[in-house]
Amino acid sequence: MTQMTFARAINSGLRKSLENDPKVILMGEDIGTLGGVFRVTDGLQKDFGKHRVVDTPLAESAIMGTAVGLAYRGYRPVVEIQFDGFIYPAFDQIVSQVAKLHYRTQGHVKMPITVRVPFGGGIGSPEHHSESPEAYFTHTSGLRVVSVSNPQDAYTMIQQAIASDDPVLFFEPKRRYHDKGEVDESIDPATALSMEKARVVTEGKDVTLVAYGPLVKTAKDAALAAADEGVSIEVIDLRSLAPVDFATLEASVRKTGRLVITHEAGQSGGLGAELAASITERCFYHLEAAPVRITGFDVPYPYSKLEMHHLPGLDRILDGVDRALGRPNSLSGLEG
Amino acid sequence: MFTDELGQGGNAAGGPDNSAGHHSGTGESRVQLITPGGERVSHPQYDAWVRDVTDEQLGSLYEDMVVIRRIDTEATALQRQGELGLWPPLLGQEASQVGSARALRDDDFVFSSYRENGVAYCRGVDLADILTVWRGNASSGWDPYTVNMATPQIIIGAQTLHATGYAMGIQNDGADSVAITYFGDGATSEGDVNEAMVFAASFQSPVIFFCQNNHWAISEPVRLQSHIRIADRASGFGIPSVQVDGNDVLAVMAATREAIERARHGGGPTFIEAVTYRMGPHTTADDPTRYRDANELEDWAAKDPIARVKGLLERKGLLTEQLEAQVAAKADAVARELRAGCINMPDPQPLDIFKHVYSTPNSWLDRQEDHYSRYLASFGDPEGANSEEGAR
């Protein structure tokens, strides 16, 4: 066990993948000499060379499109998109090529591409640096989408994502990059909990609270605070956003009868909508209340002095928990 | 106000669609080795690249082009008869496709658009497999690795990046093969094509950008895409380029061979503009009479790529009855095989829709497949479950 930051844990996982598979190649803007704007790839180009850790020109569609060509050639590219809001120029290559090539070629061509995306807000940045675009990709067939919430998962799941023969969108909570945690680097990703499984991180019996990425920490804090008031929250770290591990969610909701979902992304058409609908379909008769979503608003990501209103925080999540429990809350008295 | 009118940008003298041999002045003239009349003309730089082409090989290039035109004609007929949903004819572009494809080695890799069915033929794709996409039986017809050619790309220009990435992989592998990507004049406006040239130049990757300037992107003339010769754009990226007569199979082969040799020996990318003409519609769903002048088609018919090789063979005394009979027999046989392969292609089964979305099981999709198979089974009659009725 070693104490390390979130960013260092990903770095260590990337290093392991580079060591274990000569076909792994890292590509992105500023990832080589600089080591990435968040230093996630620090030192990797020095140790593995410019042909394996590639500083690319500033063209996201080309980074993704050349990764496709490298995958055709048998490589296993790991692409860094510098910030969430910079992924859109690569959208066509991701959605029309990366996601569809295995289907298009009837399985002849594999696309084992990992797309690393620092995402989410809370760092006081200008526009385009704080977005949560995951729902565009969970809606896209052919992609796997995961998000990590702690250094140990970051270390293990980045290796699992790279080893996947399917393309994986790997969302890293940038405001947690400097958080420290225990990481066991002797864990074998092949036998560790699959990146497709959700994890119950706090057991509880009254309400199921589902979060992923940066909000798992907030959700855990909310569970601690609620416990003081005698409310027992079960926190689930979703980990895989597509496909969702509904078996784990169902088991929890059958127990608690109440579901609260939280994410930074806007509400309408977001992943929370899919979770609420699917859980309602699958365990309607176990639900004691309508699922509750506590999310970012349907606004462009706001300017930094207002971002803490946009981001679901502990109090807003607990207000949602109260709503799920039928306790007095900010919307008490409103129909629906 | 935006306009594509010639003259607005001060380039009235020579837009890139001017086929009379003028050009905008920055590039060299168009490479031609066979005149429209079938006369072999010498070229100080490019003769050397085709000096080894024997009489027999010239006959073989002629045969390729005749056969490909026949494939195109037959596929168009199959579409008109309801056997194909759509077909993108390459009529008029045979020399561009044959001259370039026949310059490649087996271990080179092709990334093309949807119109390179002549290239697919040259790469050895099974005839019926060329039609699979257009019949709607699957999203592609062949395993790219058996012929080293990716299946057709429909997103305009996207494949140029794939070729560039593949070429970067070749470099990392220390191999001496090359990637070639085919695209049209319209694609040169796409960001992906421009980004591909940036990457190829920065990394000096062994990729050939083969642009068939066929003058039309559906209804949009080439002057709307570029105000200078398309080949001249490459210099802005630091990529050597050549404009070649795309209806001249030898000139195309010479230019492609030069580019390939450069790429194989560490010289990086080359941009080739093959000036040709799409004599047919964009696809069988298109009606070019709505946007182009019949006289233009007549002008280009006089520069037909097959007629000029035929003319050259005739001048050389090689156009024997035996050759003509042999080529005709081959074209007939290919057409029969193509038609039979199309009509006898097995239909996909309903649950095939779920296959190959992922390479490993996916819980979301597996559930949907399970539910849909139960739904189909609910009809009781296994025949009915597989019929279109079952899907209604």
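Leu84(B) counts as partly exposed, with 19 C-beta neighbours inside 10 Å. That is the starting point for this briefing on a predicted model.

**Leu84(B) and its surroundings**

- Leu84(B) sits in the loop between helix H1 (55–80) and helix H2 (94–101) of chain B.
- Setting aside neighbours within four places in sequence, Leu84(B) is in contact with Ala75(B), Leu78(B), Gln79(B), Leu131(B), Trp134(B) and Arg135(B).
- Ile343(B) is 259 residues from Leu84(B) in sequence, yet the C-alpha to C-alpha distance is 9.6 Å.

**Chain B as a whole**

- Chain B holds 16 helices and seven strands.
- Of its 392 residues, 45% are buried.
- Take the contacts in chain B between residues at least 6 apart in sequence: 76% of them join residues at least 24 apart.
- Two domains are assigned in chain B: domain 1 (47–343) and domain 2 (350–391).
- The C-alpha centres of domain 1 and domain 2 of chain B are 39 Å apart.

**Where chain B touches chain A**

- Chain A gives 32 residues to the contact, and chain B gives 35 residues.
- On the chain B side, the elements that supply two or more residues are helix H5 (144–147), helix H6 (158–173), helix H7 (191–203) and helix H14 (363–377).
- H6(B) provides the largest share of that side, 11 residues.
- By class, the side of chain B that touches chain A has 17 nonpolar, 15 polar and three charged residues.

**Nonpolar core**

- The largest nonpolar core has 185 residues.
- Leu209(A) and Ile272(B) have the most contacts inside this core.
- Not counting residues up to four places away in sequence, Leu209(A) touches Ala219(A), Ala222(A), Ala223(A), Ile233(A), Glu234(A), Val235(A), Val260(A), Thr262(A) and Val321(A).
- In soluble globular proteins, nonpolar side chains tend to be buried together.

**Helix packing in chain A**

- Helix H3 (residues 60–72) and helix H4 (residues 91–98) of chain A pack at an angle of about 25°.
- Their axes are 8 Å apart.
- H3(A) is therefore roughly parallel to H4(A), because angles under 35 degrees count as roughly parallel.
- H3(A) contributes Ser61(A), Met64(A), Gly65(A) and Val68(A) to the contact.
- H4(A) contributes Asp92(A), Gln93(A), Ile94(A), Gln97(A) and Val98(A).
- The contact of H3(A) with H4(A) divides into four nonpolar, four polar and one charged residues.

**Backbone points to check in the model**

- The peptide bond from Ala242(A) to Pro243(A) is cis, and omega is near -5°.
- Pro243(A) lies in the loop between strand S12 (240–242) and helix H9 (246–256) of chain A.
- His128(A) is not a glycine, but has a positive phi of about 75°.
- The loop between strand S5 (114–119) and helix H6 (134–138) of chain A holds His128(A).
- His128(A) counts as partly exposed, with 14 C-beta neighbours inside 10 Å.
- His215(B), also a residue other than glycine, has a positive phi near 75°.
- The loop between strand S3 (207–213) and strand S4 (216–217) of chain B holds His215(B).
- His215(B) is buried, with 23 other C-beta atoms within 10 Å; the cut-off for buried is 20 or more.

**Two further residues**

- Ile230(B) lies in helix H9 (residues 230–233) of chain B.
- Ile230(B) is buried, because 23 other C-beta atoms lie within 10 Å.
- Trp216(B) is 14 residues from Ile230(B) in sequence and 13 Å from it in space, C-alpha to C-alpha.
- Arg52(A) belongs to the loop between helix H2 (44–48) and strand S3 (53–55) of chain A.
- With 19 other C-beta atoms within 10 Å, Arg52(A) is partly exposed.
- Beyond residues up to four places away in sequence, Arg52(A) touches Leu18(A), Ile25(A) and Leu26(A).
- Arg52(A) and Arg316(A) are 264 residues apart along the chain, and their C-alpha atoms are separated by 45 Å.

Key
Residues are numbered from 1 along each chain as its sequence is written. Chains are lettered from A and ligands numbered from 1 in the order in which they are written. This is a predicted model: local features need pLDDT of at least 70, side-chain atom pairs count only at pLDDT 80 or more; totals for chains, interfaces and linings use all residues. Two residues are in contact if their C-beta atoms, placed from the backbone, lie within 7 Å. Helices (H or I, at least four residues) and strands (E, at least two) are DSSP runs, numbered from the N terminus. Ala, Val, Leu, Ile, Met, Phe, Trp, Tyr, Cys and Pro count as nonpolar, Asp, Glu, Lys and Arg as charged, and the others, Gly among them, as polar. Domain bounds come from an automatic or database domain assignment. A nonpolar core is a set of buried Ala, Val, Leu, Ile, Met, Phe, Trp, Tyr and Cys residues joined through C-beta atoms within 7 Å. A residue is buried if 20 or more other C-beta atoms lie within 10 Å of its own, exposed if 12 or fewer, and partly exposed in between; C-beta atoms are placed from the backbone. Axes are lines fitted to C-alpha atoms, for helices over the stretch in contact, and angles run from 0 to 180 degrees between N-to-C directions. Angles under 35 degrees count as roughly parallel, over 145 as roughly antiparallel, 65 to 115 as roughly perpendicular and the rest as oblique.
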